[in-house]
Amino acid sequence: MRRPSQMMKLLIASFFGVIVGFLMGITFPTLTLTKMNLPSTLFPSIDLAYIEDKYSDLSRKRLFSAWSSTKSPKLKNVDIPDPPYTYNDTKIWVPSNPRGAERLPPDIVTPESDLYLRRLWGDPNEDLKTKQRYLVTFTVGYGQRKNIDAALKKFSDNFTIMLFHYDGRASEWEEFEWSKRAIHVSIRKQTKWWYAKRFLHPDIVAPYDYIFIWDEDLGVEHFDSEKYLAVVKRHGLEISQPGLEPYDGLTWEMTKKRDDTEVHKHAEERNGWCSDPNLPPCAAFVEIMAPVFSRKAWRCVWHMIQNDLVHGWGLDFAVRKCVQNAHEKIGVVDAQWIIHQGVPSLGNQGQQEQGKQPWEGVRERCRREWTMFQDRLDDAEKAYFEASAHSNSSSSRPHP
């Protein structure tokens, strides 16, 4: 057993050792990582010498800041505001960057994405043999798989395929070869506009020149995607749809296929239906059943879709607001037409209530949403013009 004097000597030596080590750390604050012999598996293959040289001054500043704070009196329990962005650690603040990314150097910011499928191995630059120029989406149930298979055979390899599964049976589509390169999103009992609002943000689908957002019950025997787009480009259409083969339930003359023209942009409706021949449903109008949007038009239309109005009723009358000279740039392609089969598969995903069949409840909500959407749009436009008038009035008023 050590004597008390020996214990005291040991404590004093330990204390001085700690002091000396601390002072040495302040004198040599930068650790030379490049001279450390560490296993390669602990660090990625990065240029440590570059990092050490580039940020050595910053490391010293941080250390001396911490050291000086130990000398200052302890702050009381008060709220300390965050430092201004202009003085953040990296000294970067770029207001023109996307919101939230102002701290990043512009060359590292990637504001848009894509839906291209990539490998888990190899050189990322060699992942993509081709980049599809167009996107086609269908909102589907497994019961319509044969119809979807027939439809997708009409779309070339220039298309990225995206299926939204409202019945939760996405894994059962593997029987089709194209399904292996398709993107499957499965959420039960949702509509295509619910999916579109959440998964087709303009910054996600930015690589695609045109976006097809189609129903599952369309016959495509007389349709070819590449020929369709050739007509769309030739006529400068920003929003379009294939003509519909006439059938008993066809509502709008505008969307009915014509035999005497390649494209039509105007139609004559029943008396009183059109207040202006250049406005819907006589012009600047397509249905929400099988719309095709240019990249530019979709960027606007996406912002118009309401989160809670999932059926999209009323959008067909409003999309013209996203296109300048809409009566000239929205049209129906007669040269490539489709057949509406009228299969109420999504309607049957509703719920029976108060003696009503599931499809009846779905249809009732569709009508209600149409009214709600129109009211919101009218109120928004009214508020905008009232605010603009007030602003103009205030700016023209002479100063006292």
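1. Buried here means under 20% relative accessible area, exposed means over 50%, and partly exposed lies in between (1.4 Å probe, protein chains only). At 0% relative accessibility, tyrosine 195 counts as buried. Phenylalanine 199, at 28%, counts as partly exposed.

2. A note on the basis. This is a predicted model, in which local features need pLDDT of at least 70, side-chain atom pairs count only at pLDDT 80 or more, and totals for chains, interfaces and linings use all residues. Residues are numbered from 1 along each chain as its sequence is written, and side-chain values use heavy atoms, with hydrogens and water left out.

3. Aromatic pairs come next. The structure holds 31 of them. Rings of Phe, Tyr and Trp (its six-membered ring) pair if their centres lie within 6.5 Å; planes under 30 degrees apart count as stacked, over 60 as edge-to-face and the rest as tilted. Phenylalanine 159 and phenylalanine 212 form an edge-to-face pair, 5.3 Å centre to centre, with 75 degrees between the planes. This pair links distant parts of the chain: phenylalanine 159 is in strand 2 (residues 159-165) and phenylalanine 212 is in strand 4 (residues 210-214), 53 residues apart. Helices (H or I, at least four residues) and strands (E, at least two) are DSSP runs, numbered from the N terminus. Phenylalanine 159 is buried at a relative accessible area of 0%. Phenylalanine 212 is buried too, with 0%.

4. The ring centres of tyrosine 195 and phenylalanine 199 are 6.4 Å apart with planes at 40 degrees, so this pair is tilted. Both residues lie in helix 4 (residues 192-199), four residues apart, about one turn of the helix.

5. How enclosed is helix 4? Six of its eight residues are buried, so helix 4 is largely enclosed by the rest of the structure. The buried residues are Lys192, Trp193, Trp194, Tyr195, Ala196 and Lys197.

6. Two lysines sit over rings (NZ of Lys or CZ of Arg within 6 Å of the ring centre and within 35 degrees of the ring normal). Lysine 197 lies over the face of tryptophan 302, at 3.7 Å from the ring centre. Lysine 257 lies over the face of tryptophan 337, at 4.4 Å.

7. Leucine 11, in helix 1 (residues 4-27), is exposed, with a relative accessible area of 56%.
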